[in-house]
Structures are given as structure tokens and as C-alpha cells.
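Subject: Structure handover: ligand site, pockets and cavities

Hi,

Here is the structure for you to look over.

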Amino acid sequence: METQGPVKTKSVLLIVGGGIAAYKSLELVRLLVRAGIGVRAILTEAGAQFVTPLSLSALSGQPVYQALFDLTDEAEMGHIQLSRSADLVVVAPATADLMAKAAQGLAPDLATTALLATDKPVLMAPAMNVRMWQHPATQRNLATLTADGVRFVGPDEGAMACGEFGPGRMAEPEAILAAILAQLEAPAAHRPLAGTRVLVTAGPTHEPIDPVRYIANRSSGKQGYALAAALAGLGAEVTLVSGPTALPAPAGVHRLSVETARQMLDAARAALPVDAAVMVAAVADWRPATTEARKVKKGEGAAPPPLTLEENPDILATLSRPGPDRPRLVVGFAAETNDVIPHAVAKRARKGCDWIVANDVSGDVMGGDANAVSLVTADGVETWPSLPKDEVARRLALRIAEALVGPLSGTAESL
Ligand code: CTP
């Protein structure tokens with residue numbers, strides 16, 4: 001594949017704020033450096049409570065900047081120049097306090113001064129307690145910063161260091177890297193899917209019984225969202241058709257939110273033509289034959305109402321049918337609790353898709369952060385070790401890229 005010049009020409013100014021998630025920023029620096037992207041870091045006073053300047057500079061291979069009035073740094077590089085020295089300013093973790101100061105245009109320290117002085121795009125990866133994230137003040141600041149052109153990646157939902165559960169956890173380093181690459185419009189070696197269109201379905205579907213009740217399943221949408229982010233990171237134009245989830249849309253991904261299987265099919269069809277379609281959604285196989293317009297009431301002493309089901313359309317099988325609109329590559333997922341491989345092999349033939357990613361959902365895969373999958377193709381079965389869902393997504397995205405555009409250069413594979 002053709003590459004467009006050395007990747008080292010791209011660089012990031014990383015502002016590390018004060019939060020427990022700062023340890024993940026060290027991993028982010030490692031991934032950036034591995035991707036050939038230069039990193040200069042500013043460590044806030046609070047950030048230095050969590051990671052040391054030494055570890056940041058050792059990983060980035062650059063000096064770390066801390067104080068606004070540091071004579072040595074000022075002599076080497078003024079803060080205005082520092083704020084404009086990179087192609088992108090990344091704030092990870094972006095604390096509630098940093099977001100508030102940036103939204104107000106306050107500049108009491110080097111990090112906030114750089115944010116005010118920069119003429120480069122800014123990407124923030126928020127990390128904070130769930131209540132702090134949901135507080136109207138933070139949401140107001142988020143809206144202000146978004147209106148100012150700041151891009152966001154995350155936060156994710158999950159168990160937090162403070163013991164609470166909900167949105168507020170910093171996005172995983174791989175997802176932040178994908179957002180950075182998308183923002184940097186990295187050279188072709190990093191964006192092998194540039195110019196291609198990919199459809200991803202994710203999450204559960206909700207099939208209404210009446211206005212207040214529905215049939216659903218335990219899918220969290222995490223694997224589908226991670227895949228959409230990874231594909232966008234490789235340069236694909238991604239449409240994510242999502243059932244109800246609590247997840248934010250990944251940066252650079254076009255999300256269409258739906259509820260039912262039939263709506264998901266309509267949205268998926270509307271997204272065609274695409275080069276590849278990956279059906280990660282846990283679509284409800286059945287829906288109530290009728291949806292009551294009013295809430296079904298409990299009759300005094302009466303028997304529970306019967307629930308008659310009818311089958312939903314099979315989105316994967318529909319998109320796999322031969323025809324002018326069939327994507328070049330159609331990938332399905334197979335959630336199985338037993339006989340995973342034989343079921344997946346049979347499912348691939350039955351649905352007419354090219355690949356099946358089979359996963360054993362007998363544990364806490366649905367909603368959990370790890371996934372052990374096997375890739376079933378015409379060539380056979382490949383079993384991967386149990387990996388974080390982001391890593392499964394990254395590997396699968398690279399395989400999809402290879403299937404669509406041919407063997408990748410070493411640089412892209414090392415991403
Ligand atoms: N799928 C779909 N539309 C449906 C049902 C499933 O597109 N109505 C897709 C899923 O997104 C997944 C694949 O088909 O990619 C397999 O889903 P799974 O639930 O494992 O298989 P089912 O077809 O439902 O078969 P079974 O429940 O018998 O295992």
C-alpha cells in the first residue's frame with residue numbers, strides 16, 4: 001500500500017489531568033509512540049499526584065512540562081509556542097475541573113493556558129465520578145466546549161474506581177488512539193480503510209409488548225461500539241445502527257439509534273451500499289405478535305395475558321443474500337452457550353454470510369469487558385485468546401481491512 005510520508009510528522013500535545021485514570025494515559029503515550037506519533041506532555045499539578053513526570057517523559061521520549069512559569073521551559077519553548085507545537089491537543093483524563101476551566105476560558109496554570117492559547121483542534125477524554133459527569137454544571141460545560149469545537153471520546157460506562165457505576169470512566173487507550181488517528185487524518189498506512197464504507201449493528205433490540213413493557217436481552221453494545229470505533233480509526237466511514245444502549249457514540253462514527261429489529265433492518269438497508277457489514281447486534285429473534293396501545297392491566301384474579309410471539313426479520317441473512325447491494329464482506333456474530341464452533345459453522349452456512357465471529361456467552365460476556373472469540377471463515381476456524389473487547393475490535397478491524405484492501409503494511413498491523 002502507498003504511504004504518504006513519515007508518520008512522525010504528526011504529533012500530539014497530551015494534557016494529563018488529575019484523576020485515577022491518569023495511569024491509562026501512560027498506556028496511551030505508549031500506543032501513540034508505537035503508532036509513530038510524537039507526544040509532548042503537560043502534567044497538571046493534580047495529574048502529578050497520580051503519575052510521575054519521569055514515567056511520562058520516559059515513555060514519550062520528550063521533556064514533560066508542568067509549571068506555567070518555569071524558566072527553563074520558557075527559555076526552551078514558551079507556553080504559547082508549546083500550545084501550537086502539535087497537530088492536536090488531547091486532554092486525557094479531562095477532569096470536571098479542567099473541563100469547567102476550559103469552558104470558562106480560565107487559565108490559572110500551564111494546561112489551561114495551553115488550551116486557551118492553542119490554535120489546534122482539541123480532543124478531550126473525560127474521566128470523573130458518575131455524579132460529577134451527570135451534574136448539570138458539567139453537562140453545561142460539555143455543551144459549551146462542544147459548541148466551541150472541542151471533540152470528545154467517552155466517557156465509558158462501567159464500574160468506577162470510586163465504587164459507583166455509570167458513565168464517567170475514561171475511554172480505553174485504544175479508543176482514544178482511534179479517535180486521535182481519526183482526528184489527525186493520519187497517513188494512508190494508518191488509515192487503510194479510507195474511502196470505504198462499513199455498516200455495524202450493535203446493542204440489543206427492544207420489542208414492545210405495550211407502552212411500558214418490552215422484550216430485550218442482556219447485550220450492552222460494547223463489542224459493536226468498540227468495533228465501530230476501531231473501523232473508524234482505520235479510516236472507514238462507519239454507520240453504526242444501534243439498539244438502546246447507555247454508550248456514547250464513538251468519535252467520528254455516524255450513529256443511527258433504533259429500538260426494534262424491524263427498525264434496525266430498515267436503518268441497515270438505508271445505509272447500503274457499503275463495502276462491509278458487521279452485524280454485532282443481539283437482535284431479538286421474536287417480537288410480540290401485537291403491541292397493545294395501552295398498558296395491559298392485571299385483571300382481578302384473571303389469568304396472566306397470553307404472549308404470542310412472531311419471528312423478526314433476520315437482518316444478517318437479509319444483507320447476505322446475493323444481489324447488487326450485497327456488501328463485499330458480511331460478518332455475523334454468533335452468541336452461543338454450548339457447542340460454540342459447530343453452531344457457528346452451521347450458522348455461517350445458514351445465514352449466507354462470509355465470516356462468523358463466534359463467542360461463548362455462557363459467562364458474563366454480555367455486559368462484561370472481555371470476549372473470547374473464534375473467527376469462522378471459508379478457510380476454517382481461528383480461535384483467539386480471551387481479550388478485552390477493544391482488542392478484539394482492533395484485531396477484527398484489521399482483518400476486515402485486509403479482506404477489503406489486501407495485505408496491510410507493517411505499520412498498520414502494529415497499530
Ligand atoms: N441476527 C440478525 N437478525 C436477527 C437475528 C440475528 O441480524 N433477527 C444476526 C446477529 O446480529 C448476529 C447473527 O445474526 O450477527 C447471529 O445471531 P444469534 O442470535 O447468535 O443467532 P440466531 O440467528 O438468533 O440463532 P439462534 O438464536 O438459533 O442461535
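A term first: a cavity here is a set of grid points where a 1.4 Å probe fits but cannot get out. Please keep in mind that this is a predicted model.

**Cavities**

The count comes to 2 cavities of 30 Å³ or more. The largest cavity holds about 190 Å³ of space. Its lining is made up of 16 residues. Nearest the centre of the largest cavity are E174, A178, A229, A230 and R394. Three helices each give at least two residues to this lining: α9 (173–184), α10 (222–233) and α14 (389–405). By type, the lining of the largest cavity has 12 nonpolar, 1 polar and 3 charged residues.

**Second largest pocket**

This pocket has a volume of about 400 Å³. It is lined by 23 residues, and D156, A175, K222, A226 and D390 lie nearest its centre. Two or more lining residues come from each of β7 (156–159), α9, α10 and α14. The largest share, 4 residues, belongs to α10. The lining of the second largest pocket divides into 14 nonpolar, 1 polar and 8 charged residues.

**Largest pocket**

The volume here is about 950 Å³. Of the 40 lining residues, A281, A282, V283, D285 and A335 are closest to the centre. Elements giving two or more residues to this lining are β9 (197–202), α10, β16 (309–311), α12, β17 and α13. The lining of the largest pocket splits into 20 nonpolar, 12 polar and 8 charged residues.

**Ligand**

Where does the ligand sit? It sits in the largest pocket. Around the ligand are 15 residues, with M279, A281, D285, K347 and K351 the closest. The shell has 9 nonpolar, 1 polar and 5 charged residues. α12 (315–320), β17 (329–336) and α13 (340–351) each supply at least two of the shell residues. The largest share, 4 residues, comes from β17.

- M279: a polar backbone atom is 2.6 Å from an oxygen atom of the ligand.
- D285: an N or O atom of the side chain is 2.7 Å from an oxygen atom of the ligand.
- K347: a polar side-chain atom is 2.6 Å from an oxygen atom of the ligand.

Taken alone, the ligand exposes 570 Å², and the protein buries 79% of that.

Best wishes

Terms used
Residues numbered from 1 in each chain as written. Predicted model: local features only at pLDDT ≥ 70, side-chain atom pairs only at ≥ 80, totals over all residues. Heavy atoms only, no water. Near = heavy atom within 4 Å. Polar contact = N/O pair within 3.5 Å; in protein donor to acceptor, adjacent residues only side chain to side chain. Areas by Shrake-Rupley, 256 points an atom, 1.4 Å probe, with all protein chains shown as cover. 1 Å grid on protein atoms, 1.4 Å probe; cavity = no way out; pocket = protein on both sides within 12 Å on 5 of 7 lines; lining within 4 Å. Sits in = over half its atoms within 2 Å of the grid points. Nonpolar A, V, L, I, M, F, W, Y, C, P; charged D, E, K, R; others polar. Points joined across faces, edges and corners; volume = space filled by probe spheres on them.
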